[in-house]
Amino acid sequence: MRHIRTGVLFGVIAGLLTFLFSGWSVAVMGLFAGVGLGLALESRLDRGSPSNLAKQVLPAALTAGAILLVLSLFQNFVVQPAIGKPSSYGNVFVPANIIGVIAIIALTMITASFRGLEEKWEKRAKMILLAVVAIAFPFIDTFTGLRWTSNVIFALIFVILGLGLNIVVGYAGLLDLGYAAFFAIGAYTTGILSSPQHNIYMNFWLVIWIAAGMAAIWGLMLGAPTLPLRGDYLAIVTLGFGEIIPVLFRNLIDVTINEPLTCWIIPGIQKMFGATSTVACINLVNHMDITAGERGINPIGRPSFFGYEFQSNNPTPWYFLIMAIILLSVFIIQRLHKSRMGRAWMAIREDELAAAQMGIDPIRTKLAAFAMGAAFSGFAGAFYAAYIRGIFPSVFDFSASIIILCVVILGGIGNINGVIVGGLVIMTADRLFLPALKDFLKGLMDFTVLPSLASNPTLQSIVAQNANPILYRFLLFGLTLVIMMAVRPEGLIPSAQMRAELHKDEEVVIDVEDNQKSKAKKG
Amino acid sequence: MLELKDVHTYYGNIHALKGISITVNDGEIVTLIGSNGAGKSTTLRTIQGLNKPRTGTIVLDGVELEKLPAHEIAGLGVAQSPEGRMIFPRMTVLENLEMGAYARKDLTTYKADMEHVFDLFPRLKERIGQKGGTLSGGEQQMLAMGRALMAKPKILLLDEPSMGLAPLLVELIFDIIKKLNEEGTTILLVEQNALMALSIASRGYVLQTGEIILSDTAENLKNNEMVQKSYLGVE
């Protein structure tokens, strides 16, 4: 029964999303929903033979497939006319639905049957499946003409940011409310080092490391004086830092630095004795525009790969570049988490005093977390600058910090998989689904709702003005936060620690013996 | 081995330790007894570097501790089973014990030490994968002691190991303290349960409002009229 409920959930979400995109989207949704549903069910199943497991999830898979098909039919024949678009037949609609329904059913069953493999192979099979989906995605996207890739790239930038912030907040337990500042430092480092702003055109592959290093250095510089602070106090300091950095970049447009000895001190002394100044003032920097203020820095140099220059109109290479950065980041972060330093972070998060008693240097440990976290946002910043080709101070303000923090918290604080899912869900919702919903609602208004309100012009104009979900972006975001924190405070995919913390009544036991006992009881 | 000389510690303006001098020799159990607020825990915290003494010296095997930060003192072989246990609640029993060995440079006997902790506290082995925060009070006490032992300390500071435990468990814990000492661990024991503490210690100090008012062998302290009246409840 619980499986079917999950099947209904995935079917409904996938089906409703086809409302927004129509056309081939039902096939792509079937693909994603199948993998997602399979993975969600897989972890709940008891081990058994693969064919038996596939049979167990068949009802859920069929339910999801049926719901997807019904909603897709409804979409094509009822919704499409209502939003003023023609229903499609034949060449797109039929194959898209067949592929979508088969994909959701087959992939659910295949993924669930991984549970029957040995644990080592189960993990590998899941990895391979996800890798295939990830690699296939941009090609499917190009083929179907949905054009999601460029928005997914934005989501992936926030995945990296989330992964970096997760080191600081999730592992070391330091609340950082100004994390976007390091993102900005990474982006501006890239902007300054490879743009006409200063006529410096450094290679992207070099700049990305410089950006990460620069962000890490700033992390150390902010951290060194402030990390003895704890909890709320540290959060306020990071908040301040996050406010200062964009202001700084906004205003570094007319910088003049005079050498003090020749410009003030010697002339000053001479003046004191009534003499006229005899030394020439040495001007180190004269009216230099470092960051171009509100105008922003652009165009920023793009990377090239063995002679192939990345282009703005083809997102696929960018997609693979950021995927590679994510893979590298995940690899490094996993290593860090299991290392001695990772242990020290965990201990600091749990109890700083007790950690010090164990011989852990709290300041050094926290500084390392800050610097590492900042370095990853430096990567993200460099990629962002090169991808967008222009950077503006307003991108890196407080709301960016908060969104990154929400990626971490909604996804599952302290859990890499959780943060990845959190970043994808939040940012695709923001950049892909919300604009699509806007178009959808506009069509619905223009063709169905507004004509029916023609008798009441006042109401008609109110509805017409307010039926734009982009206006409610932050309201929806806030609402999601409130609901999530009430229903599932540990995040979409929580770490074991958070689950233990937030569900104290359900005693979490990892002991093998006890596990068997409790299973025996249930059985 | 460990020597405190005229140590003064303050909490802000509060003069908590008013010139304490304590010596702990190699292989001894020395106990600090005293009522609430006498400064027993403050003494241990000062040795460990969690509170800094304003004046006075603390020397461990010729090394001055009083200026060092807590984590460096831990690295020199001072381990504490702190008051209120201070275990890591979201880490498993095993992870807690592993944290205990964090500062150790010599890990050759690591496995044997882990086995030894499990021999002393079989309960911990049963609970090895459970989160520290979900253990009972007595188990947490065992975990705190086990974690301190994993540091293979030169000197083990025990702060109120009997606090909040059932009488049977108290006896078990004290048996283990004695056993540890017989195996060669030097122990500085802070305890409100003066009778139990004096029965296993070789020497003792009586603390009152931040000052040492008596110091003698445990035997003599037990028979001291003032100690009997104030701390042993003998009429």
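Colleague: Why is A:Arg295 called exposed?

Modeller: Exposed means over 50% relative accessible area, buried means under 20%, and partly exposed is in between, with a 1.4 Å probe and protein chains only. A:Arg295 has a relative accessible area of 59%, so A:Arg295 is exposed. Before we go on: this is a predicted model, where local features need pLDDT of at least 70 and side-chain atom pairs count only at pLDDT 80 or more, while totals for chains, interfaces and linings use all residues. Side-chain values use heavy atoms, without hydrogens and water, residues are numbered from 1 along each chain as its sequence is written, and chains are lettered from A and ligands numbered from 1 in the order in which they are written.

Colleague: And what makes A:Asp289 and A:Arg295 a salt bridge?

Modeller: A salt bridge needs a side-chain nitrogen of Lys or Arg within 4 Å of a carboxyl oxygen of Asp or Glu. For A:Asp289 and A:Arg295 the N to O distance is 3.1 Å, so the pair counts as a salt bridge. A:Asp289 itself is partly exposed, because its relative accessibility is 22%.

Colleague: What about A:Arg302 and A:Glu309, how far apart are their closest N and O atoms?

Modeller: They are 3.6 Å apart, so this pair makes the cut-off too. A:Glu309 comes out as partly exposed at 37%.

Colleague: Where do A:Asp446 and A:Lys442 lie?

Modeller: Both are in helix H16 of chain A (residues 416-452), four residues apart, about one turn of the helix. Helices are DSSP runs of H or I with at least four residues, strands are runs of E with at least two, and both are numbered from the N terminus. The two side chains form a salt bridge at 3.1 Å, N to O. A:Lys442 is partly exposed at 46% relative accessibility, and A:Asp446 is partly exposed at 37%.

Colleague: How many salt bridges are there over all chains?

Modeller: The structure holds 20. Some form a network that links A:Glu42, A:Arg47, A:Arg115, A:Glu122 and A:Lys126.

Colleague: Which label does A:Leu73 get, and why?

Modeller: Partly exposed, because its relative accessibility is 36%. A:Leu73 sits in helix H3 of chain A (residues 50-82).

Colleague: Which residue is 301 residues along the chain from A:Arg124, and what separates their C-alpha atoms?

Modeller: That's A:Val425, and the C-alpha atoms are separated by 24 Å. A:Arg124 is in helix H5 of chain A (residues 119-144) and is partly exposed, because its relative accessible area is 40%.
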